[in-house]
Structures are given as C-alpha cells and as structure tokens.
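Hi,

Here is the model I said I would pass on.

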Amino acid sequence: MSATSTTLSAAVWPTPENGMKAVMRNAVLALAGTALIAVCARIQVPMWPVPMTMQVFAVLLIGLAYGARLGAATVALYVAQGAVGLPVFAGGGGLAYLAGPTGGFLFGFILAAAAAGYLADRGWGRPAVRIFAACVVGIACIYALGLPWLAALLTFAKGMTVDAAVTTAVMKGAVPFLVGDAVKAALAAVILPVAWRVLSRV
C-alpha cells in the first residue's frame, strides 16, 4: 500500500511500471467495476414514490476509488457491455436503452465517474465531507445529461411543448430520486473513509 496514493485503487494495487502489467491491472479493475455496477443495478431499496437502485452509488464509488481515467473508462465499458446486449442494466441490455429515456442518464454515468474521479485524484477521496461533495458533483453530472435527453425525447416523441417536457423531465426524472441520491452520497462518505482507515492499519 502507498501512503501517498490519492485513490483507493492505487493504494491497494499500485500501477506497475511494466506496461503490460499495468494494462492487466487496469483491465482486471475495470471488469471488476463493471460487475459491481451490474450487480448494484439489480439491487432495489424500497423508497417512496419510486424504488431506488444502487447503480448510481456504484458509479460514484468507482469514480472515487479509481480516479478520473480508470473510473470513466470502467463506466464506459459498462455502458458498452449493455449496448451490445449484455443484461447489465437495471432492466436488461441492448441499444434500446441508450436510445430510450434512460440513455442520457447512462451516458451521464461516465461523466459522473470522471468528475468524481477528478476530485479524488486531487485528494477528495478520503475526507467524508469532500467525498460527499464529490458525489454531489457526480450526481449533478448525471442529471445534466439525463434530464435534457429525457426532455428532448418527450418533445420529439411525445409531442410535448418544450416547457411541458422540461417540467415533466424534472418531476419524473429528478425529484423522486433526490432523497435516494443523497443517501447514496452519504453512504459513500461513510464507506470510503472506513476503507482508508482499514488500509492504514494493514
């Protein structure tokens, strides 16, 4: 373990100097990350009015633990796996998901991992308050891509006016999930510092 590492993955498994070994390390971590997101996509926590999945939590955790480059690459690989038909999304897989109402949110996952990872690379992956703030930034990135995408679909596919589409997108695609997203950010802010403390004792 490296005490100077800014990300959890680098502390647990430092990047080898050998190029091939570094590629192998990143490939193993990326595949493990996509498996975690796929599992979390199927975990539902009962909430009102909409059940919460742990997919966003996994995306944020990977960004914070892996850093910007590997975090974004891992989530991009996850989206690609779903696009080719692997059942890794909450409801399965296939290109229809990327073209449908959730497409913008799925692409937003990549941006969220990159943003949270960028902050983790700069030391925001250890203190609980900064972890929570990094998660909020990541969640904002998901909404920044997901809500306009959803509003555009409602406008062109459903024939809504722009104002009605934007209002519907916010009320259906954001408001019901805000509490759940805050819980996910808080959970990450609890888990990561604990993981760092455990590593410091190893």
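A quick convention before the details: buried means under 20% relative accessible area, exposed means over 50%, and partly exposed is in between, using a 1.4 Å probe and protein chains only. This is a predicted model, so to speak of local features I need pLDDT of at least 70, side-chain atom pairs count only at pLDDT 80 or more, and totals for chains, interfaces and linings use all residues. Residues are numbered from 1 along each chain as its sequence is written, and side-chain values use heavy atoms, with hydrogens and water left out.

Helices here are DSSP runs of H or I with at least four residues (strands would be E, at least two), numbered from the N terminus. Contact means heavy atoms within 4.5 Å.

Let me start with Leu119, which is found in helix 6. Leu119 has a relative accessible area of 15%, so it counts as buried. Setting aside residues up to four places away in sequence, Leu119 touches Trp124, Ala134 and Val137. Its C-alpha is separated by 20 Å from that of Asn26, 93 residues apart along the chain.

Now the core. A nonpolar core is a set of buried Ala, Val, Leu, Ile, Met, Phe, Trp, Tyr and Cys residues joined through side-chain atoms within 4.5 Å. The largest one has 56 residues, and those with the most contacts inside it are Ile37, Val59, Leu64, Tyr78, Phe109, Ile131 and Cys135. The elements giving two or more residues to this core include helix 2 (19-41), helix 4 (68-83) and helix 9 (178-200). Helix 7 gives the most, with eleven residues. As for Ile131, its contacts beyond four places in sequence include Leu64, Trp124, Ala188 and Leu192.

On to helix packing. Axes are lines fitted to C-alpha atoms, for helices over the stretch in contact, and angles run from 0 to 180 degrees between N-to-C directions. Helix 7 (residues 128-157) and helix 8 (residues 162-173) pack at about 130°, their axes 8 Å apart. Angles under 35 degrees count as roughly parallel, over 145 as roughly antiparallel, 65 to 115 as roughly perpendicular and the rest as oblique, and helix 7 and helix 8 are therefore oblique to each other. Among the residues making the contact are Tyr143, Leu147 and Leu150 of helix 7 and Val162, Ala165 and Val166 of helix 8. By type, this contact has ten nonpolar residues, three polar and no charged. Here Ala, Val, Leu, Ile, Met, Phe, Trp, Tyr, Cys and Pro count as nonpolar, Asp, Glu, Lys and Arg as charged, and the others, Gly among them, as polar.

The axes of helix 3 and helix 6 come within 6 Å and cross at roughly 35°. Their contact includes Val59, Gly63 and Leu64 of helix 3 and Phe109, Ala113 and Trp124 of helix 6, and its residues divide into eleven nonpolar, three polar and no charged.

Ser9, in helix 1, is buried at 7% relative accessible area and is in contact with Pro14, Arg25, Leu29, Ala65 and Tyr66, leaving aside neighbours within four places in sequence. Gln81 lies in helix 4 and is buried too, at 13%. Ile191, in helix 9, counts as partly exposed at 37% relative accessibility.

Cheers
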